[in-house]
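Subject: Structure for you to look over

Dear colleague,

I am handing over the structure below, followed by an account of what was found in it. Please read the two side by side.

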Amino acid sequence: MNTFHSMTTKNLIFAFIGYLLFICSSCSSDDQKDSIQETSLLGTWLVESYENTDDNSITSRPAEETSIIIVISEKNISGTTSSNEFEFDEYSLMNSNTLIFEDFLTTEAGETEWGERFYNSINAQLEVIESVYEIPFEVDGSQLSFTLDSGLVMNLTRQ
């Protein structure tokens with residue numbers, strides 16, 4: 001009877017260890033998938049165009065305009081227009097395809113038309129009730145697209 005009890009205890013221990021390994025490996029792959037998605041966002045991006053989803057028209061950056069540069073790091077998102085600097089203090093991901101941030105900080109020098117378009121499109125994303133900005137996105141290789149509430153898609157290219 002002692003041998004039977006010892007075998008049952010060993011089986012329970014092995015089953016418990018197997019269960020823990022299964023749980024740990026499942027969590028690990030989910031974390032890894034989110035990490036890969038976030039990593040694909042990291043880098044320097046240039047705003048190239050806006051696509052109007054209602055009429056499929058595209059407005060590209062005018063040749064005389066300085067590129068709007070967006071730098072996405074692990075901690076924050078910052079960048080420059082031709083006249084100003086901006087920063088989204090901290091951000092998080094929701095559902096692996098939506099940027100969430102609360103603070104949009106910027107300098108306030110006179111802005112070009114292209115810069116105004118950028119600021120207006122970002123400010124339109126503010127969810128007033130929750131006081132957060134939500135921007136759905138899609139990364140496809142060196143292309144990043146932000147889907148904006150105004151019926152626009154902001155297209156960016158990795159620098």
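Of the 159 residues in the protein chain, 28% are buried, where buried means under 20% relative accessible area, exposed over 50%, and partly exposed in between (1.4 Å probe, protein chains only). The model is a predicted one, in which local features need pLDDT of at least 70 and side-chain atom pairs count only at pLDDT 80 or more, while totals for chains, interfaces and linings use all residues. Residues are numbered from 1 along each chain as its sequence is written, and side-chain values use heavy atoms, with hydrogens and water left out.

The accessible surface of the protein chain comes to about 10000 Å², and carbon and sulfur atoms account for 53% of that surface; the areas come from the Shrake-Rupley method with a 1.4 Å probe, and for residues only the protein chains shown count as cover. The chain contains two helices and twelve strands, taken as DSSP runs numbered from the N terminus (helices H or I, at least four residues; strands E, at least two). Read from the N terminus, the order is α-β-β-β-β-β-β-β-β-α-β-β-β-β. Among contacts (heavy atoms within 4.5 Å) between residues at least 6 apart in sequence, 53% join residues at least 24 apart.

Not counting residues up to four places away in sequence, M154 touches V47, S49, Y50, F118, S121, I122, L144, S145, F146 and L148.

The structure also holds eleven aromatic pairs, a pair being rings of Phe, Tyr and Trp (its six-membered ring) with centres within 6.5 Å, counted as stacked with planes under 30 degrees apart, edge-to-face over 60, and tilted for the rest. F88 and F101 form a tilted pair, with 4.2 Å centre to centre and 50° between the planes, and this pair links strand β5, which holds F88, to strand β7, which holds F101, 13 residues apart. F88 is buried at a relative accessible area of 4%, as is F101 at 2%. F104 and Y133 form an edge-to-face pair, with 5.9 Å centre to centre and 70° between the planes; because F104 lies in strand β8 (residues 104-106) and Y133 in strand β10, the pair ties together parts that are 29 residues apart in sequence. Both F104 and Y133 are buried. Ring pairs link F86, F88, F101, F104, F118, Y119 and Y133 into a cluster.

S67 sits in the loop between β2 (58-60) and β3, is buried at 16% relative accessibility, and has a side-chain polar contact of 3.4 Å with R61. A polar contact here is a pair of N or O atoms within 3.5 Å; within protein, one must be able to donate a hydrogen and the other to accept it, and residues adjacent in sequence count only if both atoms are side-chain atoms. T98, in strand β7, is buried at 7% relative accessibility, and its side chain makes a polar contact of 3.4 Å with that of N97.
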